[in-house]
Amino acid sequence: MSDEDREPGPGEYRARGSIIRKMVPGEVLASVPAARELAEAEGRRLQFDFLDDEAVLKLLRLRYLDEARLHSTGMKLGVPSALALVGLFLYWGGYVQYWESSKSQTLYYAAAGGLVALIVLLYVITLTRHWGNRPRQKVRARAAAYRKFAHAAAGGGADLPGFYPHYGPYPFAANFHADAEDLELPSEAETQ
């Protein structure tokens, strides 16, 4: 059975590519004094206990859901946009520039410009909704700090799998908002 076909078990989470990974216990990461200090400092700053295995597991699962949602949204918008832009370009290259009158060409350019502007507007709105979502930014900020903590532990000699926790850096939209609500996993939200 592949990772995509099964649910993560106790202590497991989905990483990039829907690969199921085992979470490294906090005690292993905290065995490196510099990493422990970083986890405590970041924990105070981000109002999160990076040594609480249950909380970290939930964080890793929420981070996967956040990334999966962005990917899904990107595909739903990206594929039709790409097809529309290729169609505009091919129609221009194969027909408009050679056989249409200058008035028809002007109308084509105006319509094509309007379509491109609409696509750009849809991208901006979609990205603003996803990346600007304050609770999701809170999850990303905590995940970025956990990644730093894990890398500090690995650098200090802790035995960690390569690339743990299997999420890349978050160069933007990972701002901590103390007033933002905490996200819940879908299974937890259903039981409340």
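Ala, Val, Leu, Ile, Met, Phe, Trp, Tyr, Cys and Pro count here as nonpolar, Asp, Glu, Lys and Arg as charged, and the others, Gly among them, as polar. By that scheme, the lining of the largest pocket divides into six nonpolar, one polar and three charged residues. The model is predicted.

**Pocket**

The largest pocket has a volume of about 220 Å³. Its lining is made up of E7, P8, Y13, R14, R61, Y64, L65, L185, P186 and S187. Two or more lining residues come from each of β1 (12-14), α3 (53-99) and α6. The top contributor is α3, with three residues.

**Core**

The largest nonpolar core holds 29 residues. Those touching the most other members are Y13, M23, L29, F50, Y146, L160 and Y164. The elements giving two or more residues to this core are α2 (33-46), α3 and α5. Here α5 gives the most, with seven residues.

| Site | Element giving the most | Residues given |
|---|---|---|
| Largest pocket, lining | α3 | three residues |

**L160**

Where does L160 lie? It is found in the loop between α5 (134-155) and α6 (186-191). L160 has a relative accessible area of 17%. Buried means under 20%, so L160 counts as buried. Leaving out residues up to four places away in sequence, L160 touches V24, V28, L29, A150, A153 and A154. One of these, L29, is also listed with L160 among the core residues that touch the most other members. V79 is 81 residues from L160 in sequence and 38 Å away in space, C-alpha to C-alpha.

Note on methods:
Residues are numbered from 1 along each chain as its sequence is written. This is a predicted model: local features need pLDDT of at least 70, side-chain atom pairs count only at pLDDT 80 or more; totals for chains, interfaces and linings use all residues. Side-chain values use heavy atoms; hydrogens and water are left out. Helices (H or I, at least four residues) and strands (E, at least two) are DSSP runs, numbered from the N terminus. Buried means under 20% relative accessible area, exposed over 50%, partly exposed in between (1.4 Å probe, protein chains only). Contact means heavy atoms within 4.5 Å. On a 1 Å grid over the protein atoms alone, a cavity is a set of points where a 1.4 Å probe fits but cannot get out, and a pocket is an open set with protein on both sides within 12 Å along at least five of seven lines; lining residues have an atom within 4 Å of a point. Grid points are joined across faces, edges and corners, and a volume is the space filled by probe spheres set on the points. A nonpolar core is a set of buried Ala, Val, Leu, Ile, Met, Phe, Trp, Tyr and Cys residues joined through side-chain atoms within 4.5 Å.
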